[in-house]
Every structure is written in structure tokens, then in C-alpha cells.
Amino acid sequence: MNLKNRTKKLAFSALCICATTLLGSVSLQQVEAQTLTAQTEKKKLTLEEIVTNHLLYPEAVYSTQARPETNFISYLDYEKGLMQIDDKGKTELLFTFEDLSQILAGTGRKPLLTYPQFVWASKNEIRFENDNLYLSYQIDTKSIETLTQIESGAENKDYAKSGAVAYTKNYNLFIAQNGNQMAVSKDGSLEISYGEAAHRSEFGITKGTFWSPDGSKLAFSRIDQSGVTSYPLADYAPATATHAPIKYPMAGATSQQVTIGVFDVKSQKTVYLQTGEPSEQYLTNLTWSPDGKKIYLAVVNRAQDEAAWRVYDAQNGKFLKELFKENDTEWVEPQHPLAFLPQNPNQFLVQSERNGFNHLYLYDTEGKLIRAVSQGEGQVLELLGFDAKGERVFYVANFGKPLESHLFVSEIATGKTTQLSTQAGVHGGKLNQDGTLLLDTYSSPEVPFEALLLDTKTGQRIATVKQSKNPLEKYEIGEISIQTHQAADGQTLYSRLIKPTNFDPSRKYPVMVYVYGGPHLQLINQSFRYAADYFMLYMAQQGYVVFSLDNRGSANRGAKFEQSIHRKLGENEVADQMVGVEYLKTLPFVDTDKMGVFGWSFGGFMTTSLMLKHPDVFKVGVAGGAVVDWKFYEVMYTERYMDTPQENPTGYLNASLLNKIHLLKGKLLLIHGMQDDVVVPQHTFALVEKAIKEGVLLDYFPYPSHPHNVRGKDRIHLYRKVATYLDSVLKK
């Protein structure tokens with residue numbers, strides 16, 4: 001018996017002795033039985049736990065990366081440290097948190113609070129930031145040196161292979177290198193900003209700076225919003241609230257004008273790409289050529305029905321040629337940069353939904369389509385990389401299984417495709433440098449997390465890297481199941497139902513429908529718990545049937561499924577949700593007189609739509625950060641799905657909830673963050689004002705210091721507010 005088990009047995013014996021002393025004639029065996037029963041009783045989730053307790057989430061591996069110049073894959077295991085694994089499945093510890101902290105302390109630098117985000121720079125060098133210092137750590141010598149110091153208050157940091165760091169501050173763009181700071185721009189303001197994500201982060205845009213392969217040049221976005229209306233947000237923290245305006249281009253109004261600059265670090269001079277007119281167009285999917293001499297852009301027109309792939313000279317900004325165009329009667333939405341083939345700088349892969357699903361297409365740099373590399377019913381979800389010769393490409397896709405995702409490899413020359421992952425579930429992966437090893441990370445409804453090392457040539461499992469225990473094993477969790485339904489146009493819909501804990505089939509239970517329903521999100525899949533979040537599990541524990549359905553318009557189902565919402569937001573989505581409601585009505589344990597709905601953002605729009613369009617079905621709703629009228633929402637997103645208000649007045653009128661508030665019968669709570677720069681508070685204010693004019697009673701609750709989402713410990717308050725509000729109607 002090891003010491004740990006021995007200590008447990010001694011503690012248990014002491015408990016039994018104390019209990020015997022207190023209970024007198026009760027036998028030791030009876031006390032042991034009662035104690036064991038108490039130990040096996042399931043616990044209940046609390047709102048505090050689901051927000052703050054990281055132990056409720058499965059253990060996993062993080063920051064998986066290829067170690068340069070080796071065949072190793074490295075990964076961070078918070079229990080052990082930074083690990084690496086080789087092609088035999090042998091693991092090696094590179095360093096622990098304590099190791100790195102002690103080395104930092106020994107150099108007089110500020111200690112770490114947690115593992116930093118890091119990146120491999122070479123075989124023995126990792127880089128990370130701590131206390132405004134960009135640091136280099138040598139694995140072999142266990143030494144740390146400072147690459148450069150970053151200005152306090154820096155945002156949007158972007159790290160180059162050279163060791164330089166690009167960052168923004170006060171709307172301007174800077175570069176820190178070798179301890180020096182250089183200003184890329186000096187005239188930044190609310191009207192004109194540099195280096196920030198353009199087009200409000202649509203079209204797959206996540207940042208506004210792009211280093212060339214060798215780090216000698218920096219491409220960046222210059223965003224001119226001088227013609228965009230300022231939106232009057234306020235900061236309520238000071239004794240006298242202060243004005244904190246943002247630029248917010250609403251549908252149909254003047255949009256941002258974006259240009260791409262290229263800054264030469266050595267000469268400290270900038271040229272701008274000659275992207276031409278019209279000024280209101282979208283520049284996205286920026287890709288450097290492998291030699292750093294050219295820049296490729298996808299240029300999307302404001303109507304978003306055409307994308308043109310174009311090439312520019314990075315030295316002088318001149319337009320060189322147009323490679324090809326894509327058109328779509330609904331919308332185009334390029335979201336991924338080009339992927340150049342290793343060993344062949346004249347060929348690249350493009351991701352496109354041109355044939356109904358997102359697939360990979362091989363082009364040459366003259367714009368000639370060579371072949372489709374992937375095909376079939378299903379989406380390519382993520383491009384993972386290539387083998388060393390650029391003959392095979394690895395990616396994640398959901399071919400034939402919309403609720404799963406798997407690892408695939410395709411031969412670029414022939415398109416021959418092989419599925420590498422075998423376990424049912426939702427998979428992701430990371431390749432080593434030469435593409436011979438693949439770390440397969442996945443979960444399934446019954447598997448919290450597992451990491452497997454695969455041989456990419458044979459598809460065989462080399463080793464099991466990590467298997468996580470179920471963190472909810474000791475908690476009461478309602479039974480979760482998946483259902484299929486049929487939309488009006490015949491397409492398949494998927495829903496998820498969570499039964500109340502301690503389910504009694506003879507009882508009737510109230511229902512909470514959790515809804516999102518908008519583009520770019522899939523609520524239901526075959527990951528752990530079928531992707532149900534902890535608040536849903538909590539509400540099932542409180543005696544609710546919790547139901548969600550992915551309606552037409554939601555993600556990962558292909559163009560036909562997603563584009564069915566075009567020019568008529570809220571119609572097919574609501575109709576599909578009601579297909580789910582009709583299913584709920586067939587269940588004998590559902591109390592159809594006690595149905596509520598909760599959603600946020602697009603889900604807030606859907607919640608309010610369901611309350612107003614089906615007032616006899618839903619007795620209560622909570623709509624957070626809700627879009628109320630699409631003419632108040634931003635240009636880039638809204639015009640993709642609705643066109644402009646001038647082009648589609650009927651669609652905007654039908655989608656507006658302002659002219660439907662008089663239909664409200666149940667109780668509706670509107671929640672909005674007062675710092676919301678995504679769905680501005682005007683949506684909620686307009687609906688409240690219209691309700692006043694119509695004599696309709698509804699409830700409103702603001703979060704003064706929060707933007708679009710309520711995060712941190714305040715989320716406990718949000719969940720309690722939602723649960724209490726639903727209870728007030730559905731548990732009478």
C-alpha cells in the first residue's frame with residue numbers, strides 16, 4: 001500500500017471511530033456503509049463553480065507546435081511542463097513552470113504568474129513575453145536573454161522571426177527592435193488608425209499587421225473612418241461619466257476605407273498597395289509570397305457578391321495582376337489566406353465554397369486552376385499543413401458527418417484522400433515539421449479529451465499522449481441526447497436535449513430553449529457532452545428540460561444550408577426553431593405551458609423574435625445583447641446577409657422587432673452591456689422606447705462596465721439573473 005492510500009485509510013478509520021462514539025450502539029459496519037453511500041452521492045453544480053472552477057474542464061494539452069529542425073512535436077501539459085514526443089512515442093520533459101520561473105528570478109526579471117504563450121524560433125530557442133519584455137530562452141543552455149522591450153500599454157502585438165515586435169498604441173503603429181522603438185505612423189486618431197484589425201474583424205480577419213517571411217517588412221492596415229459616424233458610448237466609472245465614442249458603420253451608411261501599407265524596417269519607409277477604387281471595398285486574406293517580394297489579397301466588393309484575388313509588388317505597391325474572380329448570387333466570404341506549397345513557390349491552395357462546400361483548390365501563380373484537391377459533401381474546416389515535399393496536404397473536415405470532424409490527408413497531384421482519425425468525435429491536430437507525425441486531439445460525448453500520436457504514412461497510432469478523466473464524474477448530470485428533424489426545404493436539422501437530473505418520466509418539466517441560430521456558429525456536435533455548456537447542465541439540474549437546435553443559417557453545413565437566410569433574417573431560423581418546439585410537444589414529460597427561451601447576440605435577436613412571433617408558445621424570454629433592428633447593425637456583417645436597407649427595405653422591415661413588440665404576451669427581460677461596441681445599446685433602448693409607446697411592459701437590466709459579453713466573476717451574477725427570471729414564470 002502506498003502512503004497516499006494508507007493516509008486515506010487512516011482518515012476513514014478515524015471518521016468511523018468518531019461516528020461510533022457519537023452514535024453509541026450503531027455498528028462500525030453500519031457507519032462504514034453510510035459513509036460510503038454519502039461519498040458516492042452526486043454533487044450539484046453551482047453558478048460559482050461553472051464560472052470560476054477550471055477543474056470542471058477536462059485536462060488537455062495546449063500550445064502544440066512543431067519543434068523546428070526536428071521531427072518532434074512539443075506540447076504543454078500543465079501537470080508536467082513543456083513536453084516533446086518523437087516518432088517512437090517517447091516523451092521528454094523540456095522544462096517546468098518552476099524551472100522557467102527560477103531562471104527568470106535568477107536574472108532579476110519579474111517572475112511568471114502562469115505559463116506564457118510561446119513560439120519556437122529555432123531548434124533550441126523559444127520566445128515569449130513577460131512584463132513588457134520579449135524574451136529568448138535557450139533550451140540547451142537554460143539561459144534567457146531580452147530580445148527587445150515593449151512599451152507599456154501596447155496592444156495588438158505581432159512578433160517577427162527577426163525578434164522585432166509590432167504593436168499599436170493610441171491608434172498608431174510601432175515596432176520595437178533591439179531595445180529601440182520606431183514609429184510606423186504618427187497621425188493616428190479615432191478617424192484614422194494603423195495596425196488594427198480592419199472591417200470589424202469580418203472575412204476571417206483577426207489582426208492588422210502581417211510580417212514578411214524574413215521579418216524585414218511589415219504589411220499593415222490603415223483604416224480611414226473619417227466618414228463613419230461616431231457612436232456615443234460612455235464610461236460610467238468616473239464620478240462624472242465621460243464620453244468614450246467609437247466609430248460604428250451601420251448598414252447602408254458610409255463604411256471604412258482601408259488601404260494596406262508596407263513598412264521597410266531597414267529604410268523605415270512606407271509604400272501603399274495600389275488597391276484602387278472603389279474606396280469602400282474589403283481587403284482580406286493577405287498573404288506574403290514565400291520570397292517576400294509580393295503580396296496577395298482577396299478584394300471583395302461592398303455588395304459581397306464578388307471576390308477578386310490580386311497580386312501586388314511589395315517593394316513599390318504596384319498592382320501586378322488579377323489571378324481569378326469568384327461570384328455568388330448570395331454572398332462570397334473568403335476567410336483564409338493562400339497556402340503556398342513547400343518546395344514550390346509557384347503553386348498554392350485556395351479555400352472556396354464555390355461548389356457548395358468549402359474545399360481546397362490548387363492554383364499556380366499565373367491564376368490557372370490546376371485541380372480540386374478535396375471534394376465531397378462536407379466542409380474543410382482547418383488547413384493543418386503539408387509534408388516536407390509539398391506532395392500531401394493535411395486538414396480537418398466534416399465529410400459526410402456534420403456533427404463530427406476528422407483528420408484527412410489528400411495527395412495534391414491526384415486528390416486521393418485518406419481519413420486518418422478513426423475514433424468518433426470532434427478532432428483537431430498538429431503536424432511536426434516534415435509532416436510525418438500528427439498529434440490528434442479529440443473528444444466525444446463520452447471521451448472528455450484524448451491526444452493520440454499518429455504516423456501520417458500508415459495512419460497507425462504510435463502512442464496515447466493524454467487521456468483525461470471525466471471532471472463531471474461526481475456531479476449530477478442530466479441525460480443528453482441528439483435528435484434529427486427536417487426543415488421545410490427537406491434539409492436535416494440537429495437538436496440536443498438535456499433531461500433534468502433525477503428524471504421522473506411521470507412528471508412534466510418546464511423547458512429552457514437555448515438559442516443562437518446565426519452564422520459562424522454550431523451549437524451541437526459530437527464533442528464532450530455534445531458541446532452543451534455548463535449553464536445548460538446547471539439548468540437541467542434545476543429541473544428544466546434544456547433544448548437547443550441548429551437552424552438553417554448556422555455553421556459547418558455548406559452554402560445551401562447557410563445561405564437560406566439571405567435577405568430575410570429571422571424567417572427560416574424561427575421556422576426551424578418551431579420544428580424543434582413541435583418535437584418538444586410530442587414528449588410526455590414536457591410541460592408545453594411552461595416554455596422559456598434564452599439567447600445572446602444573434603441568439604438575443606432569435607429569443608425576442610420567438611417571443612413576439614409565437615407569443616402563445618413562449619411564456620418568458622431573456623435576450624442578451626440582442627439585435628433588434630438590422631439597420632442599427634454594422635455594414636460588413638449585415639449587408640452580407642441582408643444587402644443594404646435601401647436595396648432590401650421589405651427584408652429589413654420584416655426582420656425588425658420594433659414593429660412587433662405589441663404582440664408580446666409573456667415576460668421578456670432585455671440585458672445589455674453599456675460598453676457594447678458590437679451590438680450597440682441603441683438596439684435595446686429602441687425596443688424599450690417602442691414598448692413604452694405601445695403600452696407594453698417588459699424588463700431591462702444593464703451591465704454598466706461590460707462590452708458585448710459579461711465575463712469574469714460578473715458572469716455569476718448574469719447566470720443568476722437569467723435563472724431567477726425564468727424561475728419566476730416557469731416555476732410558479
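Two strands count as paired if DSSP finds at least two bridges between them. Helices (H or I, at least four residues) and strands (E, at least two) are DSSP runs, numbered from the N terminus. With that settled, I start at a hairpin that joins strand 35 to strand 36 through 2 residues.

First, the ground rules. This is a predicted model, where local features need pLDDT of at least 70, side-chain atom pairs count only at pLDDT 80 or more, and totals for chains, interfaces and linings use all residues. Residues are numbered from 1 along each chain as its sequence is written, and side-chain values use heavy atoms, with hydrogens and water left out.

On confidence: pLDDT is the predictor's confidence in each residue, from 0 to 100. The mean pLDDT of the protein chain is 94, and 95% of its residues reach 70 or more. Over residues 1-39 the pLDDT is below 50, and beyond near neighbours in sequence this stretch has 15 contacts in the model, a contact being heavy atoms within 4.5 Å. Where pLDDT is low, the predicted coordinates should not be read in detail.

Buried means under 20% relative accessible area, exposed means over 50%, and partly exposed is in between, with a 1.4 Å probe and protein chains only. Strand 35 runs antiparallel to strand 36 (residues 447-455), with 7 bridges joining them; D440 has L452 as its bridge partner in strand 36. Strand 34 (residues 426-431) also runs antiparallel to strand 35, over 6 bridges, and H427 is bridged to Y442. The hairpin of strand 34 and strand 35 has 5 residues between the strands, and G435 takes a positive phi near 75° there.

What is its strand order? The 8 strands run 38-39-41-40-42-43-44-45, with mixed pairing. Strand 38 (480-486) and strand 45 (699-703) stand at the edges with a single partner strand each, so one side of each has no neighbour in the sheet. From one strand to the next the twist averages 20°. Angles here run from 0 to 180 degrees between N-to-C directions, and axes are lines fitted to C-alpha atoms, for helices over the stretch in contact.

Helix 7 (residues 572-585) lies across strand 38, strand 39 (492-498), strand 40 (509-515), strand 41 (545-550) and strand 42 (590-600), at about 145° to strand 41. Helix 8 (residues 602-613) packs on the sheet and touches strand 40, strand 42, strand 43 (620-624) and strand 44, its direction making about 145° with that of strand 42.

D533 caps its N-terminal end, with a side-chain oxygen 3.1 Å from the backbone nitrogen of F535. After helix 5 comes G543, whose phi is positive, near 100°.

Now the cores. A nonpolar core is a set of buried Ala, Val, Leu, Ile, Met, Phe, Trp, Tyr and Cys residues joined through side-chain atoms within 4.5 Å. The largest has 104 residues, and those touching the most other members are I50, M512, F535, M539, L584, F618 and W630. Helix 12 (residues 714-730) gives the most to this core, 9 residues. A second, separate core has 18 residues, including L100, F118, L133 and L135.

Q84 lies in strand 3 (residues 81-85) and counts as buried at 3% relative accessibility. The side chain of Q84 makes a polar contact with the side chain of R67, at 2.6 Å. A polar contact is a pair of N or O atoms within 3.5 Å; within protein, one must be able to donate a hydrogen and the other to accept it, and residues adjacent in sequence count only if both atoms are side-chain atoms.

W309 is in strand 24 (residues 306-313) and is buried, with a relative accessible area of 3%. Leaving out residues up to four places away in sequence, W309 touches, among others, N285, L297, F324 and V350. W309 and T240 are 69 residues apart in sequence and 50 Å apart in space, C-alpha to C-alpha.
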